[in-house]
Amino acid sequence: MGLKEINARVRRATEEAGRAPESVELIAVSKVQPDARVEAVLREGHRVFGENRVQEAAGKWPGFRERFEGIALHLIGPLQTNKARQAMGLFQAIHSVDRPKLARTLASLAQEAGTCPELFIQVNTGEEPQKAGILPADTDDFVAECRALDLPVRGLMCIPPVDEEPSLHFALLAKMAARNGLDGLSMGMSGDFEQAIALGATHVRVGSAIFGERDYG
Ligand SMILES: *Cc1c(COP(=O)(O)O)cnc(C)c1O
């Protein structure tokens, strides 16, 4: 596959959904990928990337930022409160706001810095015990809590259970976002980003379909 084909598929899915081309942001998920592959995608002109670990991003992106202008980084993995300050310095968006303590920490750091990345609240739509995220039943209250802290809540994010039809989860997330007056929807990965776009995704997080399989070995 690769960047060109995925861009084309994103564009086609957006058109088919009757949506404006610029209404969907493609986040190229570069976690674990070798620098050479990331550099190739940068050279093709892409600038929006996702990482799931603060440490890994801190090791790899300052160097690329010296050589390529206009890079935007999205944190899509869990954030420990003791890494929140570092994350705020590296990322333009955080998709994993998943508990009150983290929201309060981000709020106090944002007050101090006078700026804050765009935030997405991660919702555990499948109510999976091992998975991070706010439960659907608690989401409205948590959105209100984040707003009361003056946090810039851009939208909601979900990672559907691997063995379930993702569309059901995308539709649920879209419904929860709408009822909270949020228009940002971070949903859809390599296997299901077109379905996510059909259901309103504004941010799709695509890794292996752009870069190839990740090698954890
Ligand atoms: C790794 C990851 C992705 C990308 O997954 P692919 O299947 O490689 O597209 C998307 N979202 C999150 C939260 C991830 O951790």
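Biologist: Are Trp 61 and Phe 64 buried or exposed?

Modeller: This is a predicted model, in which local features need pLDDT of at least 70 and side-chain atom pairs count only at pLDDT 80 or more, while totals for chains, interfaces and linings use all residues. Residues are numbered from 1 along each chain as its sequence is written, and side-chain values use heavy atoms, with hydrogens and water left out. Buried means under 20% relative accessible area, exposed over 50%, and partly exposed in between, with a 1.4 Å probe and protein chains only. By this rule, Trp 61 and Phe 64 are both buried.

Biologist: How many aromatic pairs are there, and how many degrees lie between the planes of Trp 61 and Phe 64?

Modeller: Rings of Phe, Tyr and Trp (its six-membered ring) pair if their centres lie within 6.5 Å; planes under 30 degrees apart are stacked, over 60 edge-to-face and the rest tilted. The count of aromatic pairs is three. Trp 61 and Phe 64 form a tilted pair, with 5.1 Å from centre to centre and an angle between the planes of 55 degrees.

Biologist: Why are Trp 61 and Phe 64 separated by about one helical turn?

Modeller: Helices (H or I, at least four residues) and strands (E, at least two) are DSSP runs, numbered from the N terminus. Trp 61 and Phe 64 are about one helical turn apart because they lie three residues apart in helix α3 (residues 54-67).

Biologist: Which residues touch the most other members of the largest nonpolar core, and which helix gives the most to this core?

Modeller: In soluble globular proteins, nonpolar side chains tend to be buried together. A nonpolar core is a set of buried Ala, Val, Leu, Ile, Met, Phe, Trp, Tyr and Cys residues joined through side-chain atoms within 4.5 Å. Among the 61 residues of the largest core here, those touching the most other members are Leu 106 and Ile 121. With six residues, the element that gives the most to this core is helix α5 (residues 100-113).

Biologist: What percentage of the area that the ligand exposes when taken alone does the protein bury?

Modeller: The residues around the ligand (a heavy atom within 4 Å) include Val 29, Lys 31, Ser 190, Ser 208 and Arg 214. A polar contact is a pair of N or O atoms within 3.5 Å; within protein, one must be able to donate a hydrogen and the other to accept it, and residues adjacent in sequence count only if both atoms are side-chain atoms. Ligand oxygen lies 2.5 Å from a side-chain N or O atom of Ser 190, and 2.7 Å from one of Arg 214. Taken alone the ligand exposes 390 Å² (Shrake-Rupley method, 1.4 Å probe), and the share buried by the protein is 89%.

Biologist: Why does Arg 205 count as buried?

Modeller: Arg 205 is found in strand β8 (residues 203-206). A polar atom of its side chain lies 3.1 Å from the backbone oxygen of Cys 158. Arg 205 counts as buried because its relative accessibility is 4%.

Biologist: Which residue is joined to Gln 33 by a polar contact of 2.7 Å between side chains?

Modeller: Gln 33 is in the loop between β1 (25-29) and α2 (35-43). At 4% relative accessibility, Gln 33 counts as buried. The side chain of Gln 33 makes the 2.7 Å polar contact with that of Arg 37.

Biologist: What distance separates the C-alpha atoms of Val 204 and Leu 109?

Modeller: Val 204 lies in strand β8 and, at 0% relative accessibility, counts as buried. Along the chain, Val 204 and Leu 109 are 95 residues apart, and their C-alpha atoms are separated by 27 Å.
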